[in-house]
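This report is intended for a reader who is meeting the structure for the first time. Please keep the sequence and the three-dimensional view at hand while reading.

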Amino acid sequence: MKFKRRPSQLRDASRLTLRLWDFTGTAMLNLFMFMFLIAYLSPLPFMVIASLTPRDQFLDAHAPILPSERVKLNYEGKDLIVYNVPTDDGVKQWALYKPSRQSSEFIDPENVAAGPIVWEGNWRTLKAVYQFKPTLDNFRDFLSVTKIPLYFKNTLIVAFISEVGVLFSSIAVAYGFARFRIPGIKYIFFLLIATIMIPSNITLVPTYYLYSGHVLGWIGTWLPLIVPHFFGSAILIFLLRQNFKSIPRDLDEAAMLDGAGPLRILISVILPQSIPVVTTVALLHFFYIWNETRLASLYLGVSPNLQLVSFGVQRSQTFFFTPEALMVGALLVMVIPVTVLFLSQRFFMQDMIVTQIEK
Amino acid sequence: MDIAKQSRLLLKAKPARLTRLQQEARVGLLFLAPWLIGFVLLKALPILAALILSLTDFKMLTPEATEFVGLENYIRFFQDSVAGASLFGSLGYFLLTVPLEMIVALVLAAIFTSERLKNKRFSQTLIFMTAIIPSTSIFFIFLGSLEYADRLIFTPLNLPPIQGFGLLLPFMALWSIGPGFLIMYSAMQSVPKEIYEAARVDGAGPMARFVYITLPMISPAIFFTLVINLTGAFGGAVLLDRGYILSFSLSPMESYINNTMFREADLGYASALAWVTFAVMMTLTIILFRSARRWVYFPEEDEVNEI
């Protein structure tokens, strides 16, 4: 009996240790990822905290980290600031009534009727008492100075129009690259890859000349930011083409036998199978327009009412350079792209094919 | 396959069949047309125009006084120590940030392939999120968090405060890993599971499987990430752009060119500088593509010429 039971006991025990190891491994891995994410995103909460912090808190080196305001006592119609005052009986929270360098008079908030108490020492060495209180004043101030809603509207219009253009032409071009036998297409494709790597400032001066009053007269309009996208974007074409190529040709050929033309095949065979990559490409373009400052500063500098949000906020930040205003602007600019990313995380970059590996 | 079919068609010599191929090419070109027109108008012609400009002393304020100066601007580049330093600065920026970016992205992608990791979608979005934060915000996030780090950690521990911008480069590099990470992660996911199973049966440990299977199989994705990072280091906007303002860029060469262009309005010299950068970048890219034949695994032979 004993002889028979022992191996099974052993097996049970080893299975238990195995499961324990498995559990420890899973826990360690998830803990590591959790810690990494906390460290990785740690700068973000500070921005939120700073944007909710009242202005005068930044001026006081002893102020707490969290947004808070000074505790005040209303005495004889005046707001007195409460300080931590060290006395013989320990630290008391007293309101400063008559400041003076040598000795000051304080009011005890718990015993107002007793009148001023004289305290010997320099009141400037005392630390003010704070209580936690986030404020939205920074947002109100920032919104009253900048035309953020207008910038949001402008950016959304530009993003939408150029989105339509870039999707139409990039999809068409990617389809051309993926499915058609054209002599020398390899070299054309190589040109496409090469244009991805052209530094942007080499074409800047000649294109500026093209858009300027000498030729087209588009400066001060949205056209320089919209029209180029109607010719497609090389990197988006590349991503789309890699995906289109990975779709088996069988369905194309079946549709072709049924008499479908190339456009028909694109719309009813290729596109329905490429929804994830098309969404990804659309989002990439949206983020691109949202972050656009180069061209916006160059072509829209003369017409502030057409300005886009990134450059608009950047410019207003140079007008009032205080920490809380900067943080408010920074926060407002990134809210929309981050929200869009989170809403679309189901689709975004799920099927990013750079080269075909198994297909 | 195509060649075989084509030659068979040629042997049969049916003119109607041949025109079908021609027709296919014609329709294909029609689809390519938007990009081809855009390429000529917005890329090829401007680049040529920049080449011509770089041979003149064109200044924005006095366009009528423009004269042909030959190679003077290029000679000036070789005597301009700031330009040389900026070019090496850009190279250094590339060498400093790109390995950090790529290694962290690769390690994260490898961890993500583990089936034990929970909430992948969500963590993936969080990692990517930092790559779309506009430059408008990112510097203030950086400076603000430095100040808070000072107050929370460094001052209580009596450590000297952090010296500002030294940390900016690695910080920016880490916060830009999003696209590279996602590309490598998707590549890792599409490696066939049978290969891992076979290796496991043969006794290969996790480390060996990563080095001998995962890395070679995803080498195209690594290569692609490397190329887009190279372009980014020299001032191209690839895949995602934070939108740096013209007068400021993390790439020293790009800032120097923009400075010559907009502060000094010396467009001839700026074009020459842009052309030098372009040449250096293209040389590096061609070297990368040449070396790719040695270390990048291409499943289809014709892909070698394509990517």
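## Model and domains

The structure is a predicted model. Chain A is assigned domain 1 (2-41), domain 2 (72-128) and domain 3 (140-343). Taken over C-alpha atoms, the centres of domain 1 of chain A and domain 3 of chain A are separated by 48 Å.

## Paired strands in chain A

Strand E3 (residues 78-87) of chain A pairs with E4(A) in the antiparallel sense, and six bridges connect the two. Within this pairing, A:Asn84 has A:Gln93 of E4(A) as its bridge partner. E3(A) and E4(A) form a hairpin, with two residues between them.

Strand E4 (residues 90-98) of chain A also runs antiparallel to strand E5 (residues 103-107) of chain A, to which three bridges join it. A:Phe106 has A:Ile117 as its bridge partner in E6(A).

## Two sites and an open helix in chain A

Which helix of chain A holds A:Ser170? A:Ser170 lies in helix H4 (residues 148-179) of chain A. A:Ser170 counts as buried because 28 C-beta neighbours lie inside 10 Å, and 20 or more are needed for that class. Leaving aside neighbours within four places in sequence, A:Ser170 is in contact with A:Gly232, A:Ser233, A:Leu236, A:Ile237, A:Leu240 and A:Val281. A:Ser170 and A:Arg241 are 71 residues apart in sequence, and their C-alpha atoms are 9.1 Å apart in space.

A:Ile219 is found in the loop between helix H6 (204-211) and helix H7 (223-226) of chain A. With 17 other C-beta atoms within 10 Å, A:Ile219 is partly exposed. Not counting residues up to four places away in sequence, A:Ile219 touches A:Tyr211, A:Ser212, A:Gly213, A:Tyr299 and A:Val302. The C-alpha atoms of A:Ile219 and A:Val328 are separated by 30 Å, and the two residues are 109 residues apart along the chain. Helix H9 (residues 250-257) of chain A lies largely in the open, because zero of its eight residues are buried. A:Gly259, which follows H9(A), has a positive phi near 95°.

## Make-up of chain B

Chain B contains 14 helices and zero strands. Buried residues account for 35% of the 307 residues in chain B. Of the contacts in chain B between residues at least 6 apart in sequence, 67% join residues at least 24 apart.

## Where the chains meet

How many residues of chain B are in contact with chain A? The number is 90 residues of chain B, in contact with 80 residues of chain A. On the side of chain B that touches chain A, at least two residues each come from several helices, among them helix H5 (120-129), helix H6 (135-154), helix H8 (178-189) and helix H13 (267-295) of chain B. H2(B) provides the largest share of that side, with 20 residues. By class, the side of chain B that touches chain A has 57 nonpolar, 20 polar and 13 charged residues.

One contact between the chains involves helix H2 (residues 43-51) of chain A and H6(B), whose axes come within 8 Å and cross at roughly 90°. H2(A) is therefore roughly perpendicular to H6(B). H2(A) contributes A:Pro43, A:Leu44, A:Phe46, A:Met47 and A:Ala50 to this contact, while H6(B) contributes B:Ile141, B:Phe142, B:Gly144, B:Ser145 and B:Tyr148. By class, the contact of H2(A) with H6(B) has eight nonpolar, two polar and no charged residues.

Technical notes: Residues are numbered from 1 along each chain as its sequence is written. Chains are lettered from A and ligands numbered from 1 in the order in which they are written. This is a predicted model: local features need pLDDT of at least 70, side-chain atom pairs count only at pLDDT 80 or more; totals for chains, interfaces and linings use all residues. Domain bounds come from an automatic or database domain assignment. Two strands pair if DSSP finds at least two bridges between them. Helices (H or I, at least four residues) and strands (E, at least two) are DSSP runs, numbered from the N terminus. Two residues are in contact if their C-beta atoms, placed from the backbone, lie within 7 Å. Ala, Val, Leu, Ile, Met, Phe, Trp, Tyr, Cys and Pro count as nonpolar, Asp, Glu, Lys and Arg as charged, and the others, Gly among them, as polar. Axes are lines fitted to C-alpha atoms, for helices over the stretch in contact, and angles run from 0 to 180 degrees between N-to-C directions. Angles under 35 degrees count as roughly parallel, over 145 as roughly antiparallel, 65 to 115 as roughly perpendicular and the rest as oblique. A residue is buried if 20 or more other C-beta atoms lie within 10 Å of its own, exposed if 12 or fewer, and partly exposed in between; C-beta atoms are placed from the backbone.
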